[in-house]
Amino acid sequence: MAQMSKTKHQWAVHQQQQLSELSEQILKAATREGATEAEVSASIYAGQYVSVRHGEVETVEWSKDRGISLTVFVNGHKGCASTADLSADSVKATVRTACQIARFTAEDPCTGLADADRMATCFPDLDLWHPADLSTDDAIAMATAIESAGFAEDDRIDNSDGASVTTGEAVSVIANTHGFIQARCSSRHSLGAVMMCSDSDGMQRDSWYDSKRCLDDLSSAELIGQTAAQRTVARLGARRVRTGESPVLFDPSCARGLISHASAALRGSRLYRNASFLKGKQSELLFPEFVQMIERPHQLRGLASTAYDQEGVATNDQILIDSGRIARYILGSYSARRLGLQSTANSGGIWNLEVSGVGSRDDMLAQLGTGLLVTELMGQGVSLVTGDYSRGASGFWVENGQIAHPVEGITIAGQLPTMFAGIKAIGADDDGRSATRCGSILIDRMMIAGE
Amino acid sequence: MTQTSSLLVAQQRLLEPGQINDQVIDRVLGQLTARQCDYADLYFQYTRYESWSLEDSQVKSGSHSIERGASARVVSGEKTGFAYTDEIQADSLLDAAQAATAIAAAGQHGSHALASPGQPAALYQPIDPIDSMPSDQKVDWLHQIDQFARAIDPRVTDVVASVTAIQDVVMVISTDGVRQTDIRPLVQLNIQVILEHQGQRETGMSGCGGRHDLQRIMNRHSIELHASEAVRQALVNLEAIDAPAGEMPVVLGPGWPGVLLHEAVGHGLEGDFNRKGSSAYSGMIGQQVASPLCTVVDDGTIGERRGSLSMDDEGVPSQRNVLIENGVLKGYLFDKLNARLMNTRSTGSGRRESYAHVVMPRMTNTFMEAGDHDPEEIIASVDKGLYAVNFAGGQVDITSGQFVFSSSEAYLIENGRVTRPVKGATLIGNGPEAMQRVSMVGSDLALDQGIGVCGKDGQSVPVGVGQPTLKIDAMTVGGTSQ
């Protein structure tokens with residue numbers, strides 16, 4: 001093992017021990033202060049970020065973030081407090097504050113830890129720990145290589161907003177008064193670039209990045225720079241299209257956004273507050289029958305892999321959408337109790353969602369035929385209460401499966417339930433950059449507003 | 001409280017726990033400037049946060065957090081070295097300082113010009129707003145909001161209300177002679193209601209905030225105003241028909257729709273983008289970039305406003321910066337680094353989310369000055385168009401100038417009259433183009449209610465916006481009906 005990895009490994013072992021001890025002390029202190037149940041999450045992150053612009057170092061930044069957050073339950077009354085200051089006095093004050101808050105909150109029969117028999121007992125190695133063996137100089141060299149590849153890719157690239165390399169390692173601990181305590185180490189590293197170009201119509205920018213658990217799994221520096229440059233010059237000459245209805249193909253990054261609207265609307269916290277257009281739709285056909293989505297929490301090196309959720313509940317592969325139907329909601333223990341259901345081990349998030357698909361990007365363009373390919377969406381125009389959808393978009397106009405010209409300055413609009421039901425195809429062209437694995441999505445028609 | 005007592009609070013919160021005295025600070029500064037550099041600073045911050053929230057007619061959760069940390073920054077040419085620590089102790093500060101110097105060339109210690117940025121005038125009281133009201137009263141007001149909102153209309157199914165109070169204590173020590181502290185209170189009330197009618201659900205939101213105590217937002221008048229407003233918006237949206245799609249005249253209401261200026265103008269005038277030549281407004285000082293009716297200002301000096309700061313995060317007093325005057329581009333927003341590289345002075349716009357984030361040029365309160373038109377007259381001038389009065393937020397690509405903002409309350413204008421409400425729709429345009437198309441500006445300038453958040457490069461900071469009623473001759477409206 002290289003020296004740097006070894007040092008980081010020792011750091012992680014030390015931090016796991018420290019944070020675990022601290023978490024146990026906090027749980028004991030909370031019990032002494034009157035908590036009937038309590039849970040703690042503690043974490044530390046150390047990272048390095050470098051950016052290079054026009055071949056010169058722009059920023060070198062070292063991050064070190066720590067934090068502890070405590071939730072106490074005092075006979076059904078909940079209180080939360082957190083601190084980034086881990087000194088004994090501050091930790092003591094945090095415990096006291098959480099218990100004081102619980103004196104003012106209302107009693108809630110649904111509140112409390114997740115059920116004890118749901119705690120994870122099996123902890124497979126998910127291969128999430130690959131500390132970066134990269135000195136600052138190495139990182140600068142890599143960022144320089146990204147940017148040079150971007151400039152070299154196309155003569156029309158005349159400016160850059162920089163290329164960056166981020167590496168980081170984290171240790172986190174989850175503990176609760178069921179006796180559950182788990183520490184784990186993980187790493188995440190990213191490369192990115194933003195390139196610019198201009199012509200008589202004005203300037204354009206675009207970017208590309210990759211993010212992985214292990215440096216070796218990242219796309220090469222050259223590919224990041226080249227892709228950013230290609231995407232940028234492809235925008236030159238972008239114009240609006242006419243207002244009217246058209247089929248719309250969402251590229252994988254935009255398609256993930258669509259999936260995230262569905263999963264956000266399936267979250268328990270939205271459902272029990274009546275803040276979801278999917279309220280009362282369980283087991284209904286939301287998508288066409290070919291649509292299948294499964295959560296895979298134990299994927300090796302997965303960006304959202306975990307053996308247990310934030311409450312310690314054991315995670316497992318679980319279907320979310322089965323032949324187009326809503327197979328379940330996305331629940332932690334509180335929202336599950338509110339809805340009279342069981343936790344789905346989703347306290348804190350969704351652990352790698354896989355959307356099945358078939359076909360390459362070209363196949364998807366061929367299926368689109370003539371219509372809009374969306375590669376970027378802007379703004380917040382999505383209401384999860386009503387399902388109304390209206391966002392700024394840019395991308396390409398496609399004719400007979402071939403890119404005709406770049407498009408900007410338009411919006412696309414519809415209703416999420418209609419859009420979901422109108423999915424014609426999902427591709428297998430996922431780019432592997434996210435915990436949601438999903439290819440391009442083709443929707444039969446949406447309203448485009450332009451000229 | 002006086003300036004001196006603010007300093008005492010800052011010392012007590014930031015320096016005393018780690019026994020940081022002048023000697024330690026001198027050592028850290030010495031470490032920071034051991035290599036050649038143009039500028040270096042230390043930033044200390046203590047943030048205390050408290051929030052209470054109500055749902056199901058009960059206050060079921062409350063949370064509290066404390067963060068304390070310091071950062072060291074060295075600037076050399078266009079290079080920045082930056083490191084931070086959450087332990088304000090001599091060793092950790094020296095480590096951070098050493099890490100930050102990595103970008104500076106070895107060699108002679110550069111000479112540091114001693115600027116005199118002036119003494120910031122206090123724009124708000126140096127209080128801890130968390131202590132400005134007892135916990136049981138905060139809980140009681142939240143209950144009253146719930147009862148009041150439900151009493152307005154029996155179709156209200158859910159009320160979610162929250163109150164947040166923050167005390168932020170910062171200290172800046174820099175090689176250009178700044179040694180300043182600022183105690184920044186910030187409070188916020190948010191109310192969201194959900195209404196159900198014949199199986200259809202709609203939501204409405206309202207809130208307010210600023211840099212003052214909690215009494216100002218948690219009182220009878222304020223809670224009734226915002227609870228009614230949230231219910232009113234939801235009721236309007238229950239009646240809404242599909243929004244139109246295509247290009248049409250758009251009239252924007254006063255106040256919060258000023259998010260237009262934040263996206264279409266403000267971001268594009270931030271000094272970092274202009275130094276790098278990456279903004280659609282780069283190199284256009286002195287040119288006509290908007291219609292002559294437009295005067296756009298970024299003013300961080302308005303007392304107790306959410307976006308205001310007595311001093312920015314580099315210790316420079318806030319200013320009133322005229323960005324566009326009668327349509328002509330007057331200036332950009334600068335932090336110290338970008339100002340130095342462009343041979344100008346900081347405009348007091350250097351801001352950061354926290355000690356763990358680097359400084360960037362940012363907006364404060366951005367608004368358009370009032371014009372001469374009566375708002376009624378502006379609406380009357382439109383045959384067929386959109387009247388938008390509330391927005392969910394916006395976004396901009398500063399390079400191409402494309403910007404969007406998404407309406408949450410809008411109406412059709414038909415034959416000079418506001419008629420039916422329409423569903424939320426995104427409006428898209430090109431900043432410089434849209435600003436050239438402003439053809440009428442109202443006399444009814446209003447600022448927003450104090451709940452705005454601006455995001456840039458992953459950093460969020462509180463901001464304000466404002467404008468009078470104004471008309472843009474053509475914008476693309478992203479509805480579903482042709």
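Student: Which strands of chain A and chain B pair, and in what sense?
Tutor: Strand β2 (residues 56-74) of chain A pairs with strand β3 (residues 79-85) of chain B, in the parallel sense, over four bridges. Val60(A) stands opposite Gly81(B) in β3(B). Two strands pair if DSSP finds at least two bridges between them. Strands (E, at least two residues) and helices (H or I, at least four) are DSSP runs, numbered from the N terminus.

Student: How far can I trust the numbers and letters?
Tutor: This is a predicted model: local features need pLDDT of at least 70, side-chain atom pairs count only at pLDDT 80 or more, and totals for chains, interfaces and linings use all residues. Residues are numbered from 1 along each chain as its sequence is written, and chains are lettered from A and ligands numbered from 1 in the order in which they are written.

Student: How many residues are in contact between the chains?
Tutor: 69 residues of chain B are in contact with 61 residues of chain A. Contact means C-beta atoms, placed from the backbone, within 7 Å.

Student: Which element of chain B gives the largest share?
Tutor: Strand β2 (residues 58-76) of chain B, with twelve residues.

Student: New topic. What span should helix α1 of chain A have?
Tutor: Its 30 residues (3-32) should span 44 Å at 1.5 Å a residue, and the end C-alpha atoms are 44 Å apart, which agrees. The expected span is 1.5 Å times one less than the number of residues.

Student: Which of its residues are buried?
Tutor: Among them are Leu19(A), Ile26(A) and Leu27(A), but also Lys8(A). Buried means 20 or more other C-beta atoms within 10 Å of the residue's own, all placed from the backbone; exposed means 12 or fewer, and partly exposed lies in between.

Student: What do they pack against?
Tutor: β1 (37-53), β2, α2 (88-104), β4 (157-176) and β5 (181-199) of chain A. Just after the helix, Gly34(A) takes a positive phi of about 115°.

How values were computed. Contact = placed C-beta atoms within 7 Å.
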